[in-house]
Amino acid sequence: GYGTGKAQEVPDAIKKAEEAAKKNMFHITIVKNGTISHDINGLFGACQVYLKPAPEGTGIIAGGPIRAIVELAGYSDIYSKNQGTNASINMVRATINALMQQRTIKDVANARDLPINKLFH
């Protein structure tokens with residue numbers, strides 16, 4: 001989750017942001033040995049974040065807030081590209097938007113009302 005907080009003192013603002021983040025938690029899936037399952041494009045405002053699976057051993061190719069979110073989420077291999085604005089909060093929101101769009105093979109099979117073994121035939 002993520003959150004923001006405003007206060008007169010920095011520790012109070014951090015505490016408010018942590019409380020907001022705890023209320024905004026969500027689950028993601030990690031597949032293919034620490035990467036994402038498919039290319040994802042996340043949008044928020046003028047910010048566009050593109051996430052792409054990377055081969056094992058590549059590491060996290062991302063900068064700034066995107067790197068922080070991807071590392072905290074538990075991914076180990078991923079490519080990313082930020083387009084549009086460089087506002088940190090918008091990059092965070094676009095990255096979260098991208099990660100929430102991720103679909104696994106099980107999700108696709110359930111959406112099509114097919115068993116997983118029939119999905120690729």
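A polar atom of the side chain of S37 lies 3.0 Å from the backbone oxygen of R103. This is a polar contact (a pair of N or O atoms within 3.5 Å; within protein, one must be able to donate a hydrogen and the other to accept it, and residues adjacent in sequence count only if both atoms are side-chain atoms). The model is predicted, so local features need pLDDT of at least 70 and side-chain atom pairs count only at pLDDT 80 or more, while totals for chains, interfaces and linings use all residues. Residues are numbered from 1 along each chain as its sequence is written, and side-chain values use heavy atoms, with hydrogens and water left out.

S37 sits in the loop between α1 (10-23) and β1 (40-44). Helices (H or I, at least four residues) and strands (E, at least two) are DSSP runs, numbered from the N terminus. With a relative accessible area of 18%, S37 is buried; buried means under 20% relative accessible area, exposed over 50%, and partly exposed in between (1.4 Å probe, protein chains only). Leaving aside neighbours within four places in sequence, S37 is in contact (heavy atoms within 4.5 Å) with V31, K32, P53, Q102 and R103.

P53, one of these partners, belongs to strand β2 (residues 47-53). Beyond its neighbours within four places in sequence, P53 is in contact with T35, I36, S37, H38, D39 and Y79. From P53 to G74 there are 21 residues in sequence and 14 Å in space, C-alpha to C-alpha.

Helix α3 has 13 residues and spans 18 Å from its first C-alpha to its last, close to the 18 Å expected at 1.5 Å a residue; the expected span is 1.5 Å times one less than the number of residues. Its buried residues are N90, M91, V92, A94, T95, I96, A98 and L99, and their cover includes β1, β2, α2 and β4 (78-83). T95 has a relative accessible area of 0%, and its side chain reaches the backbone oxygen of M91 at 2.7 Å. Leaving aside neighbours within four places in sequence, T95 is in contact with V49, I66 and I69.

I69 leads on to the largest pocket, where G1, Y2, I69, L72 and I96 are the closest to the centre among the 14 lining residues. The elements that give two or more residues to this lining are α2 (64-73) and α3 (88-100), and α2 gives the largest share, 5 residues.

Note on methods:
On a 1 Å grid over the protein atoms alone, a cavity is a set of points where a 1.4 Å probe fits but cannot get out, and a pocket is an open set with protein on both sides within 12 Å along at least five of seven lines; lining residues have an atom within 4 Å of a point.
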